[in-house]
Amino acid sequence: MADPVWVVLVVEDEVPIRRFLKAALEAQGFKMLEAATGAQAIAMTASHNPDIILLDLGLPDIDGLEVIKRIREWSHIPIIVISARGKDTEKVDGLDAGADDYLAKPFSVEELAARLRVAIRHLSQSRVGKDESVFQAGELKIDLARRMVWVSGQEIHLTPIEFKLLAVLVRHNGKVLTHRQLLKEVWGLASEEQAHYLRNYIHTLRHKLEADPARPVYLRTEPGVGYRLNLTE
Amino acid sequence: MADILRLAGERLLVCVGPSPTSDKLIRAVKEMAASLEAEWFAVYVEDPRMLRLPEAERNRAIYNLRLAEQLGATAITLRGRSIAAEIVNFARQRQVTRIVAGKPLRPRWKGILFGSPVDDLLRLSGDIEVRVITGKPEAPKVTPILIHPKRIRWPSYELGFGYFLLATGLAFLMYPYFDLPNLIMVYLLAVMVTAVHCGRGPAILNSFLSVLAFDFCFVPPRWSLTVEEAKYIVTFAVMFLVALVISHLASVIRRQAEAARLQERQTAAMHALSQQLAATRGVEKILQAAVQHVSEIFECQVAALLPDDKGGMYVAAGDPGVFQRDIIKELSVARGAYDAGQMAGWGTQTMPTSPILYVPLPAAKAIIGVLALRPKDPESEQWLLPEQLRLRFLESLAKQVAMALEVERLEKTALETQVAMETERLRTSLLSSVTHDLQTPLAAIMGSASSLLDLRSQLGAGLAQEMLANIYDEAERLSRLVNNLLNITKLESGSLKLRKELQPLEEVVGAALNRLEKKLADRPLTISLPPELPMVPLDGALAEHIFLNLLENSLKYTPAGSALAIAALLKGEEVEVEVADCGPGFPPEDLDKIFDMFYRGTKDLEQKGYGLGLSICRAIVEAHGGRIWALNRPEGGAAIRFTFPLKVPDQQ
């Protein structure tokens, strides 16, 4: 079976960015649909059923956050938001509203490709309907079913909360998770007030899993946003 | 022509006294001054004799003086022994052309015996025209204030009598050993002491008693008022006269001393107020200081009122209890005083029935506000009477308060102007710095892109690749610049609220290192973050920029492949961080300035981005309450050190 052609809907009002995205996406084998406004984006999502949406949050008509919420009412389609620089809260709001990942302008083709790869991997997994339970990257091996973790073949002991945190990150491998999302999924906390719990656990996880915790390979910090687990073979 | 000039220069002076006719005199001179369009002075000379006048009369003099002032005169009080001499002196100083005085009303014999000030005036005035106006006393006007019964000071008479008894006792002790004249001396001493301590009345009584006692007890025949020798009659007469003169002189000294003491107290009070005003900033605090001083000096409740937008007044400082009843009516009297710029209320011509005295605060151009004074006991003579110049003193206090308020206002305006100028300067230097920093990469990008567009066929594959890399690098530089600009404008404008959260420094360093992963790939990097390092309150996203900027600077200014180091140490209540390289280091003379370059915007803009990046670092570090400084490491290479306090008093 030939690889499917993934359809990406780009929602962006700036023509130069659309032009650059078209070149970049088509060179990598994607099919690109274009929308310049939020209304158009919602309409095209319904009519063309794209596989992935690249959504610029600064749209001329509707607020990008509103677009996310409206689409999320009926679709789980992966949404990658593109945010203007310096607007950390915008990114976080977009992610908390249901977007899957973000790209901050200006971004390189490489970053774009990485985000798309992650989205596609998650898409494929959910389509195939198979949840992997063993993940391996470099020296790190995680078995979610058996609740075990190894670094360089050595089993590492994790506390239940550490493991739960790691498991959440593993399930969203490659995607950014905001502080709020992690606090909610791991601790059931709704506010960000307790973000320092999270920081403490990430800190100890890094010391247990990373060779050099100050230059983390797996557990990446996205300053002002959250964390991203980076398990790639 | 000469006449016109003279008219133009006409200056009138009216002599004001306690006489009930002064009132008429003042009004007459006012009309004269108005018709001549002349400046006019109302002068009251306070000589020791005035101090002896009944309180009511002294107050009438002040009342007259104030009337003159209200009618537009410059009111002056002089002190001196000779009324005429003081007036003529003053008139010459101020180039007064005409002096107007009232005709004295006292009995003619007094004038012949003691001389009259008007006669002296005529004699001394020289080329200044003197006019004497006769005034019949009008039916005494209802003088609303300042008439209070004089308190008789019985204790003074008792004390005087005590001195007399003491002298008599002493005389008995001396009698066996001394001649009679020596005893006279003892009595005279007692008279003088009485005059100084108790005033004139007791001293005169003492003089009389002394002569009687001396005669009765010591002059032969003793124990009788008769005398053997006629010469003693002369002795008694002289003794009585000397005693009178002494008591008179001594009481004059006493009054002068009292006047001086009063003057001194007022000066001290004025000084204290002015010192406090000089050290006080803020309208409210100035008014509070004024209220406090005035209420202490005058023993009354005081409130400071300022005008509101609606044509009323409001209590800005002090004791709102000043207004016990009728606050609406009282505030309208206050507003009247404010609008007219003249005292109103208790004891003045305007609304004298009010229990409160309103004193306007006159600044150079306008009245700023009003002080409201409610005497604790309006009947008390303490308040106005014994120190007759209290109202005028109050006015000068008010002027001083107004001046302090004016200075405050001017200072505020000046400060605002300065801030505006500073902002403007910063904006200009930012603009020039940014323009330069933007232009360079843009020129490189446009140049490279246009070479690719126009000369594609001539450029070899290698050169084309180089152009493309150039475009990418310069665009990246632009991007970094815009990021920095965004941060600095937010920090500078104060619109950026730090989102400080406790976090491991490691996390911030890690984020920056992850972001620079590729550029740092060929650099040996030592990271030394001791495990005992506590969590630090940081805005993670901003703090990351410190490391990004410092590392990027090091990458730019040090040879490829040379080592970098990041280290942190716990030092008491703060964490000290160092980012170091092994490059050429900073020019030693620049060490103090490198964080300023962006602010100055003058020197060496050629060092691209260097200043801006470091100024951002400083802005971020300082926003966290830390310090940042640069040094050259002894082993070579540059280092930037900065601190983050672990406890920040004001969590923003």
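1. A quick word on naming before we start: helices of at least four residues and strands of at least two are DSSP runs, numbered from the N terminus. With that in hand, you can find Trp223(B) in the loop between helix 10 and helix 11 of chain B. Keep in mind as you read that this is a predicted model.

2. Stay with Trp223(B) for a moment. Its phi is near 60°, a positive value in a residue other than glycine. The loop that runs between helix 10 (200-217) and helix 11 (231-278) of chain B also holds Pro221(B).

3. Lys105(A) and Pro106(A) are joined by a cis peptide bond, with omega about -5°. You'll find Pro106(A) in the loop between strand 5 (101-104) and helix 5 (109-128) of chain A.

4. Back in chain B, check Gln95(B). Its phi is near 50°, which is positive although the residue is not a glycine. Gln95(B) belongs to the loop between helix 5 (83-93) and strand 4 (98-102) of chain B. Is Gln95(B) buried or exposed? Its relative accessible area is 58%, so it counts as exposed, the cut-off being over 50%.

5. Now some cysteines. A disulfide is a covalent bond between the sulfur atoms of two cysteines. How many disulfides does the structure hold over all chains? The count is zero. Cys15(B) has a relative accessibility of 13%, so it is buried. Cys217(B) comes out at 9% and is therefore buried too. The cut-off for that word is under 20%.

6. Next, have a look at a sheet in chain B. It is an open sheet of five strands in the order 12-14-15-17-16, and the pairing is mixed. At the edges sit strand 12 (525-528) and strand 16 (628-632), each pairing on one side only. From one strand to the next, the twist averages 15°.

7. Zoom in on one pair within that sheet. Strands pair through backbone hydrogen bonds, either parallel or antiparallel. Which way do strand 14 (residues 564-571) and strand 15 (residues 574-581) of chain B run? They are antiparallel, joined by eight bridges. As a landmark, Leu569(B) stands opposite Glu576(B) in strand 15 of chain B.

8. Last, a helix to go with the sheet. Helix 17 (residues 505-515) of chain B lies across strand 12, strand 14, strand 15 and strand 17 (638-645) of that chain. Against strand 14, helix 17 runs at about 165°.

Terms used
Residues are numbered from 1 along each chain as its sequence is written. Chains are lettered from A and ligands numbered from 1 in the order in which they are written. This is a predicted model: local features need pLDDT of at least 70, side-chain atom pairs count only at pLDDT 80 or more; totals for chains, interfaces and linings use all residues. Side-chain values use heavy atoms; hydrogens and water are left out. A disulfide is a pair of cysteine sulfur atoms within 2.5 Å. Buried means under 20% relative accessible area, exposed over 50%, partly exposed in between (1.4 Å probe, protein chains only). Two strands pair if DSSP finds at least two bridges between them. Axes are lines fitted to C-alpha atoms, for helices over the stretch in contact, and angles run from 0 to 180 degrees between N-to-C directions. Contact means heavy atoms within 4.5 Å.
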